[in-house]
Amino acid sequence: MHSKLLIFLSYLSTTFAMAQTDSQKYIEWTPSYQLNWNDFAGQPGAGAIGDAGTAVAIKAKPYIEKSKIHYIVHALFDKHKSWYRDKSPSLLAHEQLHFDLAELYARKARKKIIEIALTGETDLKVYNQAVQKILNESNMIDRQYDAETLHGSITKKQQEWKERVDKELIALQSYTDQRVDLK
């Protein structure tokens, strides 16, 4: 029930072709897909504790197309870094919520990018700093989730977190599009 959250913020100043997600390595978050134990293809490291480890990444990549800044923000599950020692429906639900938290913070990043764009800001550093702050908060919240639920073993707390995250995902429904175009 150990979680590892990887955060990537790429600083790009030139136009590049949008990268395809490597489906062999990652699962991109969608509302219709729920993780299953077959998605966990990794092995626990020597120092790994707990019954499972979920590696998720929020990738926020700015790029320039036709002289305009755009962002692609993905929440990804890393199959090869995610592992399990024991299987149970409650443990899988706990690990799924780590993935859902990644999507929640990807939506918060998309929202912040749009809010900054509405101010007329054109400095990419301002966007990147704001996104990095959200990604840092995501790491903190992920650790808090594990601590408060005791890695999913406190059923009541696990349910509270599930309801909270579901509610926030619904509230940020307007920010599901992974591509953010800055006008």
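Leu150 is placed in the loop between helix 2 and helix 3 of this predicted model. Its phi is near 50°, a positive value in a residue other than glycine, and this positive phi occurs just after helix 2. His151 lies in the loop between helix 2 and helix 3 as well. For His151, phi is near 55°, again positive in a residue that is not glycine.

At the start of helix 2, the backbone nitrogen of Lys125 is approached to within 3.0 Å by a side-chain oxygen of Asp123.

Between helix 2 and helix 3 the angle is about 145°, and the axes are 8 Å apart. The crossing of this pair is right-handed. On the side of helix 2, the contact involves Ile141, Gln144, Tyr145, Glu148 and Thr149, which meet Lys157, Gln158, Trp161 and Arg164 in helix 3. By class, the residues of the contact of helix 2 with helix 3 comprise 3 nonpolar, 3 polar and 3 charged.

Helix 1 and helix 2 form a right-handed crossing. Helix 1 contributes Ala93, His94, Leu97, His98, Leu101, Tyr105, Lys108, Ala109, Lys112, Ile113, Ile116 and Ala117 to this contact, and the residues that they meet in helix 2 are Val126, Tyr127, Ala130, Val131, Ile134, Glu137, Ser138, Ile141, Asp142, Tyr145, Asp146 and Thr149. The residues of the contact of helix 1 with helix 2 divide into 15 nonpolar, 4 polar and 5 charged. Ile141, Tyr145 and Thr149 of helix 2 are among the residues that meet helix 1 and also among those that meet helix 3.

The remaining pairing is that of helix 1 with helix 3 (residues 155–171), which pack at an angle of about 30° with axes 10 Å apart. Helix 1 and helix 3 are therefore roughly parallel to each other. Helix 1 passes helix 3 in a left-handed crossing. Ala93, His94, Leu97, Asp100, Leu101, Glu103, Leu104, Arg107 and Lys108 of helix 1 make the contact with Gln158, Trp161, Lys162, Val165, Glu168, Leu169 and Ile170 of helix 3. The residues of this contact between helix 1 and helix 3 divide into 8 nonpolar, 2 polar and 6 charged. Within helix 1, Ala93, His94, Leu97, Leu101 and Lys108 are among the residues in contact with helix 3 and also among those that meet helix 2. In helix 3, Gln158 and Trp161 are among the residues that contact helix 1 and among those that meet helix 2.

Note on methods. Residues are numbered from 1 along each chain as its sequence is written. This is a predicted model: local features need pLDDT of at least 70, side-chain atom pairs count only at pLDDT 80 or more; totals for chains, interfaces and linings use all residues. Side-chain values use heavy atoms; hydrogens and water are left out. A crossing is left-handed if the near helix is turned anticlockwise from the far one by less than a right angle, and right-handed if clockwise. Helices (H or I, at least four residues) and strands (E, at least two) are DSSP runs, numbered from the N terminus. Contact means heavy atoms within 4.5 Å. Ala, Val, Leu, Ile, Met, Phe, Trp, Tyr, Cys and Pro count as nonpolar, Asp, Glu, Lys and Arg as charged, and the others, Gly among them, as polar. A polar contact is a pair of N or O atoms within 3.5 Å; within protein, one must be able to donate a hydrogen and the other to accept it, and residues adjacent in sequence count only if both atoms are side-chain atoms. Axes are lines fitted to C-alpha atoms, for helices over the stretch in contact, and angles run from 0 to 180 degrees between N-to-C directions. Angles under 35 degrees count as roughly parallel, over 145 as roughly antiparallel, 65 to 115 as roughly perpendicular and the rest as oblique.
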